[in-house]
Amino acid sequence: DRQTLLAVLQFLRRSNLRESEEILLREARLLGDDLGAAALSPAGTGLLGVPGGDADSAGGEALLSRVTAAAAIAIGGSAATAASSSPGVTAVAAVPPGKGGARAGAAGSLGPGGPLHCIFASSFRLSYKLLLYANAFAVGGGVVVEDQPDVSAVLSAYNQQGDPTLYEEYYSGLKHFIECSLDCHRAELSQLFYPLFVHMYLELVYNQHESEAKSFFERFHGDQECYYQDDLRVLSSLTKKEHMKGNETMLDFRTSKFVLRISRDSYQLLKRHLQEKQNNQIWNIVQEHLYIDIFDGMPRSKQQIDAMVGSLAGEAKREANKAKVFFGLLKEPEFDVPLDDEDEEGENEEGKPKKKKPKKDSVGSKSKKQDPNAPPQNRIPLPELKDSDKLDKVMNMKEAARRVRLGPECLPSICFYTFLNAYQGLTAVDITDDSSMIVGGFADSTVRVWSVTPKKLRSVKTAADLSLIDKESDDVLERIMDEKTASELKILYGHSGPVYGTSFSPDRNYLLSCSEDGTVRLWSLQTFTCLVGYKGHNYPVWDTQFSPYGYYFVSGGHDRVARLWATDHYQPLRIFAGHLADVTCTRFHPNSNYVATGSADRTIRLWDVLNGNCVRIFTGHKGPIHSLAFSPNGRFLATGATDGRVLLWDIGHGLMVGELKGHTDTIYALRFSRDGEILASGSMDNTVRLWDAVKAFEDLETDDFTTATGHINLPENSQDLLLGTYMTKSTPVVHLHFTRRNLLLAAGAYSSQ
């Protein structure tokens with residue numbers, strides 16, 4: 001912000017770093033305007049050339065002195081550490097996907113709202129570090145640099161301000177005020193309890209008032225909402241200042257502002273109360289650590305608020321979901337399809353198949369017009385269609401012509417693949433788009449591929465044998481396969497830890513697997529050997545998935561970031577940074593222009609593959625997210641979590657539009673039928689449930705007011721939408737897949753407990 005920038009500019013001026021000063025002005029696009037002029041005015045005039053006068057000047061000078069104090073440390077410290085701790089830092093690679101250049105450069109906006117790009121000119125390094133530090137001040141989040149206690153002390157946001165013995169009084173006073181306020185304001189203001197409780201507790205611990213902190217925690221932790229219990233358990237273990245250094249939960253809370261969405265009336269009421277009581281301690285925390293997103297209009301009800309809260313950092317700011325998203329499907333490539341004699345009368349209008357091959361429409365089911373919500377065809381480079389791909393499309397279209405049209409009156413048959421005696425510990429499953437192969441990832445670090453059809457799995461012959469084959473013969477693809485290697489099961493060795501995610505490529509030539517060992521491996525299904533190990537994550541990788549068009553894939557892990565890769569690049573093309581905890585699951589949008597990630601911070605984010613920006617943040621789940629599924633038409637997203645709820649989201653408007661309750665345990669699998677009429681969910685509660693997706697998405701209230709304020713009214717209609725519940729004897733459901741003809745395949749490992 002302006003004040004921060006001025007302080008840094010003044011510091012550079014006093015240190016005679018004229019070149020850095022000009023680079024910073026140019027980068028912040030301030031050369032020539034009033035702020036630039038003020039900053040470049042003679043040193044004696046201070047900061048007074050700026051509209052805002054003495055107050056700005058005083059604030060700037062105060063900040064300048066803090067920046068100057070930090071400078072000595074900053075020069076030796078690490079900008080990268082500062083950047084990683086700085087709020088809102090997103091790093092994206094500057095290489096467009098598929099356009100050469102394997103190394104990921106870091107570009108984009110660093111620091112909260114600062115248009116500061118990474119310039120690694122040696123003269124600019126110092127001011128770059130300083131701006132990061134000053135930015136951390138400006139947003140009130142202290143930067144924590146591990147192993148440098150002096151830095152964390154200098155840059156701490158928790159400087160003691162009030163009398164520690166009065167903290168309980170402050171908090172209970174506010175609690176009493178909120179509980180006695182009008183019903184319409186009470187629900188909104190109650191959102192303050194949790195973030196204030198955490199920050200007041202941390203402030204006491206940081207300033208070494210351990211007994212007061214313990215008493216404060218014991219008195220008020222029971223008042224917090226049940227979905228914060230896990231966070232409070234971590235918090236209760238932080239009882240000394242030393243514990244706070246390097247603690248992840250601690251870092252999240254200090255470096256990201258907790259977001260509350262409150263109506264203007266409720267906010268004014270709160271502000272008036274705190275000013276009358278002169279309760280500076282709470283007011284300081286509200287201003288330093290909370291981001292209050294104020295909207296005009298009626299306050300929200302308890303039910304409306306409960307639907308949206310629960311994530312690690314509060315709700316998403318409304319701005320976060322304003323960007324335009326191209327959620328439509330890409331236009332089909334034109335080629336002739338030999339039609340069977342079968343009658344196409346029963347052809348389905350919405351006939352878009354599911355996930356892995358979202359490009360194909362059913363034969364003759366739709367005109368070839370461009371979807372108005374689709375991205376431009378060449379927005380991201382996609383691989384060319386090979387002849388084998390075209391053949392596969394033709395097969396797919398023929399299958400689609402025979403597809404069963406599902407609905408409340410016509411539910412799918414379910415075929416369950418149970419892994420018996422899976423003492424190696426089944427941790428991941430995937431099924432090919434044509435339902436011919438199934439793969440299991442296991443805790444003993446193996447990947448096992450089975451053929452589901454009578455056709456056995458065969459490897460390609462050795463090079464010596466291949467040279468003897470007549471390359472012009474019609475059945476050359478059959479001749480290159482070695483019959484001696486035919487078997488129903490192939491075991492792939494290479495990982496050195498449990499395999500947590502697997503994904504077949506759309507053309508069935510490759511298989512991805514990701515593991516606790518921090519790597520993603522690409523296997524050939526022609527030779528059943530490992531082709532590449534992609535190293536980028538430093539910690540376990542929880543999930544990986546191929547793009548619906550092949551070539552690109554995404555991975556997410558314990559390091560809190562998702563990475564976009566191309567099969568022919570060693571380095572990631574994009575790094576999607578923003579989640580505050582592990583990225584637990586990943587999914588490509590059917591048009592391959594977006595990636596959805598679910599996280600243990602209880603949020604779902606949608607990322608733009610083209611530029612690495614986060615274009616949607618969805619909050620509402622009360623536990624880590626473990627499953628994601630896009631509807632075949634690309635408009636909606638379904639998410640499942642440890643809270644046993646399936647939430648439905650409208651991607652275009654950025655709104656929650658439905659909640660499906662029924663499961664009693666974590667939901668690990670979600671899948672829409674090929675035409676999007678039925679949503680299947682599979683859970684650790686040993687059930688598969690089928691939901692009426694058409695009914696769930698009809699008559700949606702997505703007017704401008706709802707979009708602007710988040711006044712969502714979720715119908716309590718889970719029971720009306722539930723079409724069937726199917727129990728297994730003792731098998732948690734870890735994967736679901738609709739075949740091209742809408743038969744539902746489910747998979748899981750039998751557990752004897």
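**Entry 1: first look**

A strand here is a DSSP run of E with at least two residues, numbered from the N terminus. I needed that before looking up Phe-553, which sits in strand β17, residues 552–557. The model I have open is a predicted one.

I started with the overall tally. The protein holds 23 helices and 33 strands. Of its 753 residues, 56% are buried. I also checked how far along the chain the contacts reach: among those between residues at least 6 apart in sequence, 63% join residues at least 24 apart.

**Entry 2: back to Phe-553**

Is Phe-553 buried or exposed? Its relative accessibility is 0%, so I put it down as buried. I then looked from Phe-553 to Thr-567, which is 14 residues away along the chain. Their C-alpha atoms are separated by 7.5 Å.

**Entry 3: the start of the chain**

Next I went to helix α1 (residues 2–14) and helix α2 (residues 18–27). Their axes come within 8 Å and cross at roughly 155 degrees. Angles over 145 degrees count as roughly antiparallel, and α1 and α2 are therefore roughly antiparallel to each other. I noted the hand as well: α1 passes α2 in a left-handed crossing.

Which residues meet there? On the α1 side I listed Leu-5, Val-8, Leu-9, Leu-12 and Arg-13. Facing them in α2 are Arg-18, Ser-20, Glu-21, Leu-24 and Leu-25.

Which of its residues are buried? I found Ala-213, Phe-216, Phe-217 and Phe-220. They cover an arc of only 95 degrees around the axis, so they end up on the same side of α11. Turning to the face away from that buried side, I found the exposed residues Ser-211, Lys-214 and Glu-218.

What do the buried residues pack against? I wrote down three helices: α8 (167–180), α10 (193–206) and α12 (229–236). I followed up two of these, α10 and α8.

**Entry 4: α10 against α11**

The axes of α10 and α11 come within 8 Å of each other, crossing at roughly 160 degrees. That makes α10 and α11 roughly antiparallel. The crossing of α10 past α11 is left-handed. From α10, the contact uses Phe-197, Met-200, Tyr-201, Leu-204 and Val-205. From α11, it uses Glu-212, Ala-213, Phe-216, Phe-217 and Phe-220.

I also checked the loop between α10 and α11, where Gln-208 lies. Gln-208 has a phi near 65 degrees, which is a positive value in a residue other than glycine. With a relative accessible area of 48%, Gln-208 is partly exposed.

**Entry 5: α8 against α11**

For α8 and α11, the axes come within 10 Å and the crossing angle is roughly 25 degrees. That angle makes α8 roughly parallel to α11. I noted a right-handed crossing for α8 passing α11. Tyr-167, Glu-168, Tyr-171 and Ser-172 of α8 make the contact with Glu-212, Ser-215, Phe-216, Arg-219 and Phe-220 of α11.

I then looked at the record.

- Residues 492–527 are 0% helix and 53% strand, and their end C-alpha atoms lie 11 Å apart.
- Residues 618–651 are 0% helix and 59% strand, with the end C-alpha atoms 10 Å apart.

**Entry 6: two loop residues**

Where is Ser-445? I found it in the loop between β7 (437–442) and β8 (447–451). Ser-445 has 16% relative accessibility, so I logged it as buried.

Ile-480 is in the loop between α20 (476–479) and β10 (481–487). At 22% relative accessibility, Ile-480 counts as partly exposed; buried would need a value under 20%. Leaving out residues up to four places away in sequence, Ile-480 touches Ser-459, Val-460, Lys-461, Leu-466 and Ile-469. I also looked up the distance from Ile-480 to Arg-458: C-alpha to C-alpha they are 9.8 Å apart, and in sequence 22 residues apart.

Conventions: Residues are numbered from 1 along each chain as its sequence is written. This is a predicted model: local features need pLDDT of at least 70, side-chain atom pairs count only at pLDDT 80 or more; totals for chains, interfaces and linings use all residues. Side-chain values use heavy atoms; hydrogens and water are left out. Buried means under 20% relative accessible area, exposed over 50%, partly exposed in between (1.4 Å probe, protein chains only). Helices (H or I, at least four residues) and strands (E, at least two) are DSSP runs, numbered from the N terminus. The arc is that of the directions from the helix axis to the C-beta atoms. Contact means heavy atoms within 4.5 Å. Axes are lines fitted to C-alpha atoms, for helices over the stretch in contact, and angles run from 0 to 180 degrees between N-to-C directions. Angles under 35 degrees count as roughly parallel, over 145 as roughly antiparallel, 65 to 115 as roughly perpendicular and the rest as oblique. A crossing is left-handed if the near helix is turned anticlockwise from the far one by less than a right angle, and right-handed if clockwise.
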